[in-house]
Amino acid sequence: MTTDLHLATENTFHAGYLVSAWGPELGGHLIIRDNRPDQELLKARDAFHDEHRGATELSDAGWRELAELYPDLGESDRAMVAAFGIPERAVTADPGAIYLGRDLNGPAARELVDRLWTGRAEPYLMVYLDRIFEPWWIERLGQRIVNGHTAVLPYARGMHTIEQIAATGDAQMFQLSAGATVHFVVEDVDQGPIIRAERLREPFGYPSIWACKAQSLHLAFELLIGVAREIRSGRTEPVGLTPAPVSRTVEYRRRQFDSDVAAAAVAGYLAMKSLAQAPV
């Protein structure tokens with residue numbers, strides 16, 4: 001007997017890698033935290049991905065077009081293109097996607113939960129989202145919300161984690177944190193039981209902090225898809241382990257990550273990389 005699940009994600013360029021890997025065998029609904037874009041944008045995105053899928057390099061005109069299609073395109077997105085190529089699909093490619101609006105915790109979300117999470121065989125919700133769930137989500141779904149986090153827990157919680165650690169120049173903390181985690185969502189930020197966690201093998205082996213972040217993003221998507229396949233098979237329920245207490249754990253907040261911190265992250269990563277690769 002298989003277990004149903006749904007995928008909820010942001011409407012970003014890099015989430016396209018996650019949506020492209022979410023094969024038809026996983027089924028369920030795709031839920032996008034955004035308003036539905038206009039039809040012209042949807043068509044333009046589909047055309048771009050069809051033309052350039054798999055490409056690791058773009059012309060100047062191609063980059064300009066991509067930036068127009070995704071106004072929030074960042075340096076880690078560009079690094080993902082170089083490492084993994086343009087994803088096969090845009091997040092918005094699925095005509096049956098459910099657009100939740102921008103408010104993850106508003107009335108539309110409550111209505112969606114009431115519609116999709118009914119009966120005894122309730123599905124799981126696999127998520128890659130930039131917003132915190134209000135307590136009613138956990139009260140309603142219980143331990144059936146599974147999050148992909150782009151750092152190793154419990155060391156680095158919150159947003160823009162490895163970038164903010166790089167900005168401090170703390171090489172030991174960076175090595176502990178660079179990677180990804182899949183965990184159950186609880187009320188406290190990124191403190192739910194851990195299902196999978198994996199570190200990057202060579203965290204200082206990339207040309208920039210953005211290339212390193214790209215690897216963490218991709219790893220988070222791979223781990224989340226892997227756990228989704230296990231759940232979908234119905235052979236076993238996912239088991240989460242409560243993280244052991246650690247002496248060094250920080251919650252990094254989005255509002256702390258400004259242009260100055262981003263610049264410090266760039267410099268900090270290169271300094272740590274240089275020290276790590278220096279002859280002993």
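**View A. The surroundings of T92.** Leaving aside neighbours within four places in sequence, T92 is in contact (heavy atoms within 4.5 Å) with N11, I32, P37, L42, R45 and Y99. T92 itself sits in the loop between helix 4 (75–84) and strand 3; helices (H or I, at least four residues) and strands (E, at least two) are DSSP runs, numbered from the N terminus. With a relative accessible area of 4%, T92 is buried; here buried means under 20% relative accessible area, exposed over 50% and partly exposed in between, using a 1.4 Å probe and protein chains only.

A word on the model before the next views. This is a predicted model, in which local features need pLDDT of at least 70 and side-chain atom pairs count only at pLDDT 80 or more, while totals for chains, interfaces and linings use all residues. Residues are numbered from 1 along each chain as its sequence is written, and side-chain values use heavy atoms, with hydrogens and water left out.

**View B. The largest nonpolar core.** This core holds 69 residues, and L66, M126, V146 and F174 touch the most other members. Helix 9 (residues 209–233) gives the most to this core, with 15 residues. A second, separate core has 20 residues, including L104, A109, W117 and L141. To count as a nonpolar core, a set must be made of buried Ala, Val, Leu, Ile, Met, Phe, Trp, Tyr and Cys residues joined through side-chain atoms within 4.5 Å. As background, nonpolar side chains in soluble globular proteins tend to be buried together.

**View C. F174 and its partners.** Which residues are in contact with F174, leaving aside its neighbours within four places in sequence? They are I162, I165, A166, P203, F204, I209, C212, Y269 and M272.

**View D. M126 in strand 4.** M126 is found in strand 4 (residues 124–128) and counts as buried, at 0% relative accessibility. Leaving aside its neighbours within four places in sequence, M126 is in contact with L5, H6, L7, A8, W22, V146, L224, V227, A228 and I231. Look also for I225: its C-alpha atom is separated from that of M126 by 8.7 Å, although the two residues are 99 residues apart along the chain.

**View E. The two sides of helix 5.** In helix 5 (residues 107–116), A109, L112, V113 and L116 are buried. Seen down the helix axis, these buried residues fall within an arc of 100°, so they line one face of helix 5; the arc is that of the directions from the helix axis to the C-beta atoms. On the other side of helix 5, P107, E111 and R115 are exposed. What do the buried residues of helix 5 pack against? Their partners are strand 1 (5–10), strand 2 (30–33), strand 3 (98–99) and helix 6 (135–141).

**View F. Helix 4 and the residue after it.** The buried residues of helix 4 are S76, D77, A79, M80 and V81. They pack against helix 1 (15–21), helix 3 (60–69) and helix 9. Following helix 4 is G85, whose phi is positive, near 80°.

**View G. Helix 7 against helix 10.** Helix 7 (residues 161–168) and helix 10 (residues 259–277) pack at an angle of about 70°, with their axes 6 Å apart. That makes helix 7 roughly perpendicular to helix 10, a label used for angles of 65 to 115 degrees, with under 35 counting as roughly parallel, over 145 as roughly antiparallel and the rest as oblique. Axes are lines fitted to C-alpha atoms, for helices over the stretch in contact, and angles run from 0 to 180 degrees between N-to-C directions. At this meeting, E163, Q164, A166 and A167 in helix 7 face V261, A264, A265, G268, Y269 and M272 in helix 10 as contact partners.

**View H. Helix 9 against helix 10.** The axes of helix 9 and helix 10 come within 9 Å and cross at roughly 95°. The two helices are therefore roughly perpendicular to each other. The contact is made by I209, W210 and C212 of helix 9 and A262, A265, V266 and Y269 of helix 10.

View I. The peptide bond from L153 to P154 is cis, with omega near 10°. P154 has its place in the loop between strand 5 (145–149) and strand 6 (156–158). H160 lies in the loop between strand 6 and helix 7. Although H160 is not a glycine, its phi is positive, about 50°. At 23% relative accessibility, H160 counts as partly exposed.
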